[in-house]
Amino acid sequence: MDAPTGDRSSSDEPPFDDPIEPPTAFVETANVSDRSIYERFDRSWPACWGEAAALLEWEAPYETVLDDTDAPLYRWFSDGELNASYNCLDRHLEERKNQVAITWIGKRDERQSYTYLDLHREVNAAAAALRELGVEADDVVTLYLPMIPQLPIMMLACARIGAPHNVVFAGLSAEALAQRMGAAESEVLVTCDGYYRREDAFNQKSKADNARIRLDYDLSAMVVVDRLGPELAVHLGNNEYDYDELVTAHRGETVEPVARNATDLLFVMYTSGTTGEPKGVEHATGGYLAHVAWTTQAVLDVKPQDTYWCAADIGWITGHSYGVYGPLALGTTSIVYEGTPDYPDRNRIWELIERNAVNVFYTAPTAIRSFMKWGAEFPERHDRSSLRLLGTVGEAITPRAWRWYREHVGDGETPIVDTWWQTETGAILLATLPGLSKMKPGAAGPPLPGIDIAVVDETGEPIAPGETGYLTVTKPWPGMLRGLRGGTDRYIREYWRETDNGWAYQTGDGATIDEDGYVTILGRVDDVINVDAHRLTTTELEAAIVEVPGVTEAAVVGDGAGLIAFVTVRHDTGEDEKLREAIRARLREAIGAVAVPDRIVFTPELPKTRSGKIMRRLLEDIACGNEFGDISALRNPEVVGEISSTIGNT
Ligand code: WT7
């Protein structure tokens, strides 16, 4: 064994940094277990990506793998044609029409299974219904739905007729929905009456109504799924349709999948941008689907006969890529779970893994931290022997959480893949191949075959192993965004830098790389905060807070687990609690519940440099209880002590 390095381990635990070999039993059945894949992809790049494209069925074959004539506006498989819905449904019918495609588990433990044949029927009927509403190829359809079967059904229905979908996370506010619809110029909205949050029924339609009022054009149609039945009666107004009535009228119809060019838009997904204005990340049909299918197979080791569970909400990119498109492209059984991990109690996840004999489970560190906090007795009470592989995504996982996950969920045997990627990358770029590579707890891993990265300093020079720098991707990859909605200039400005060796994609993440090429992600270098694996920017949060009457300035930082807002007020009214509630309410309204800080700290001043820049790093250190260094560059060093004592870290 190698000597432990770093100071992250404590004496009573095994050294955290020892690489762990993949277990033999896993290697024997792994989808990828031949090391030559790295060399093969390297030697034949970009043609190697034809291996990914070969997982799909093409309506018209492509001749060019990568068109880079207009770099960095790369075009993958640009002269090929295919349909994503056909690839996720029709082509599986011959071999596995009676195999379950989606097992849905509702919050009240309702269950519904859709075989590939069932799903094909539903998607065809939904596609016919969209057509009836006048939706044509390239019309953007917004889906504002919780984790119910109609969400993946509508995504695939859109894909079938070539209408890009724009899924907006159901928990986002009316304001956020209107902003995303308006920016995408989307005239059709699919939503629902409401959904359950723990015991309560929650009204979604009223949020959709509020968003509709905010738009500066009128919707051509709003389709409303009846999720709650008699528990919540909603009124349907002008151009508003009941989903069941609309779709039922089309049951039994088939809609020919529309052949799409590989570079045609499959969907747009809005994510927080550094300017505070959400960015509409556009994903193309061919490259995206190929990369997603290939990584679902090579990294998540999913096989058609598996039951696979990606716990991420379909409202975010992880749910798009690894909850819907990846697993269905491979013809496996995917679980869609509407509930939370602790309702009705903390056994829930493990009970579902046992009951459904889940083979591959993919979740985020924030969930794993909750599991740790609740205790190992919950997973240990259940049969988890079906689990073959565990995955994690969304933020760096600490070696401690990694070990806990392996020990208590994986029985110390199951391999773990830590997968690094972004909304923009569409699919996984950094990860170990679980049947090949050693695992290093805490490090995401090396770049996948066919992916080239560099960790560089400010000037773009690669840094030495162990030093910190910026993670860049130095060659294009198939799943990459094809651009930002309405902004080639913004796209190139925000993501690409021209170097002596060509264009380099800027990830916005700080990282280190070790001698073996394993990358450890250190977090964002811009003003983006990842909270609960959702991306928020300080600008959008702070802009919302200062709209609250009485607030003068705000700075928001992440403390590793949640958000903490430092706020200065006009006069001390002595009504801190009222103001806190107003701030929470404003954030809920502007963005949604994910944006509500765990703590709101009032301070007479924010620490600033002499040039007036807020020292966010310092606030972060205070929030996390870290040592902070020299503060002599501050204009107002005295506030540091004050803030620290308020927050209780001194
Ligand atoms: C940012 C992207 C793509 C999945 C969901 C988040 C962070 C993602 C990891 C990982 C360390 C990670 C990065 C990245 N991130 N995966 N395995 N280890 N950090 O998508 O909202 O687009 O956020 O999430 O900071 O840039 P996203």
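This is a predicted model: local features need pLDDT of at least 70, side-chain atom pairs count only at pLDDT 80 or more; totals for chains, interfaces and linings use all residues.

Analyst: Two packed helices are described by the angle between their axes and the distance between the axes. Let's start with α11, residues 285-298, and α12, residues 317-330: they pack at about 85°, with axes 8 Å apart. An angle of 65 to 115 degrees counts as roughly perpendicular, so α11 is roughly perpendicular to α12. On the α11 side, the contact residues include Tyr 288, Leu 289, Val 292 and Ala 293. From α12 come, among them, His 320, Tyr 322, Tyr 325 and Pro 327. Sort that contact by class and you get nine nonpolar and six polar residues, with no charged ones.

For another pair, look at α8 (residues 174-184) and α9 (residues 205-214), which pack at about 50° with their axes 8 Å apart. α8 and α9 are therefore oblique to each other, and their crossing is right-handed. Here α8 brings Ala 174, Glu 175, Leu 177 and Ala 178, while α9 brings Lys 207, Ala 208, Asn 210, Ala 211 and Arg 214. That contact divides into five nonpolar, one polar and three charged residues.

Now the ligand: 17 residues surround it, and the closest are Asp 418, Thr 419, Gln 422, Thr 423 and Arg 535. For Gln 422, the distance from a side-chain N or O atom to a ligand oxygen is 2.9 Å. Glu 395 takes part through its backbone, where a polar atom is 3.3 Å from a ligand nitrogen.

Notes. Residues are numbered from 1 along each chain as its sequence is written. Side-chain values use heavy atoms; hydrogens and water are left out. Axes are lines fitted to C-alpha atoms, for helices over the stretch in contact, and angles run from 0 to 180 degrees between N-to-C directions. Helices (H or I, at least four residues) and strands (E, at least two) are DSSP runs, numbered from the N terminus. Angles under 35 degrees count as roughly parallel, over 145 as roughly antiparallel, 65 to 115 as roughly perpendicular and the rest as oblique. A crossing is left-handed if the near helix is turned anticlockwise from the far one by less than a right angle, and right-handed if clockwise. Contact means heavy atoms within 4.5 Å. Ala, Val, Leu, Ile, Met, Phe, Trp, Tyr, Cys and Pro count as nonpolar, Asp, Glu, Lys and Arg as charged, and the others, Gly among them, as polar. A residue is near a molecule or strand if one of its heavy atoms lies within 4 Å of it. A polar contact is a pair of N or O atoms within 3.5 Å; within protein, one must be able to donate a hydrogen and the other to accept it, and residues adjacent in sequence count only if both atoms are side-chain atoms.
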